[in-house]
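Hi,

Here is the structure I promised to pass on.

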Amino acid sequence: RRDAEVEAASFFAGYALGLPCFAFAPTAVEAAAFAGADASEARVRSLLVWLVAGVAQERRKHRRLVAADPRQAYAFLKLLRGRGAYSDGVDDAAAVRWALNDAAKLVEGRAAAVEELADFFESGVATAGDVVGRIEGL
C-alpha cells in the first residue's frame, strides 16, 4: 500500500505543478532532464516538490520511510549544480526542506484525492491516461 500511496502523491504533484511529464516514481536523473541546460528557479522548485511529494505522503502516515527516497532531491540538486545549470545560493538541505514543506501542504490539502489515486494504483489497471482522467474528475 505504501508504494501505491507514494506513487499517487508523486503523480498527483507532477500533474498539479503543471510538469510536462510526471512519473509514478520520479528520479533525480529524470528531473534533471526536465530542468534543462539552464534551469529557472521556478522550474527547479517545482521539480524538487515533485521529487519529495512521495516522501511527504509517506511521512504524513508513517514514522519511517520505506517506499519514498528523499535522496533523489539531493541528487537532483547535485546534478544541476555539478553541470553549472543552476545556482541559487541556497544550500541543498534548506532547498529540500522548503520543497518537503510545500509538498506536504500539497498532498495534505488533497489527501482524499491522493488516497483515491492510491486505491486506483493498487487495482493494477491504472495507466497514465486513466490516472489523469481520475485527477481531473476529483
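How many Å apart are the mean positions of the positive and negative charges of the chain? The answer is 5 Å, for 17 positive and 19 negative charges. Lys and Arg count as positive and Asp and Glu as negative, with His and the chain ends not counted; each charge is placed at NZ of Lys, CZ of Arg, CG of Asp or CD of Glu.

Some housekeeping: this is a predicted model, where local features need pLDDT of at least 70 and side-chain atom pairs count only at pLDDT 80 or more, while totals for chains, interfaces and linings use all residues. Residues are numbered from 1 along each chain as its sequence is written, and side-chain values use heavy atoms, with hydrogens and water left out.

On the fold, the chain has 7 helices and 0 strands (DSSP runs numbered from the N terminus: H or I of at least four residues for helices, E of at least two for strands). The C-alpha atoms fill a box of roughly 40 × 30 × 20 Å along the principal axes.

Of the contacts (heavy atoms within 4.5 Å) with a separation of 6 or more, 68% are between residues 24 or more positions apart.

Q57 counts as buried because its relative accessibility is 0%. Leaving aside residues up to four places away in sequence, Q57 touches E5, A9, V107, V114 and E115.

Cheers

Key:
Buried means under 20% relative accessible area, exposed over 50%, partly exposed in between (1.4 Å probe, protein chains only).
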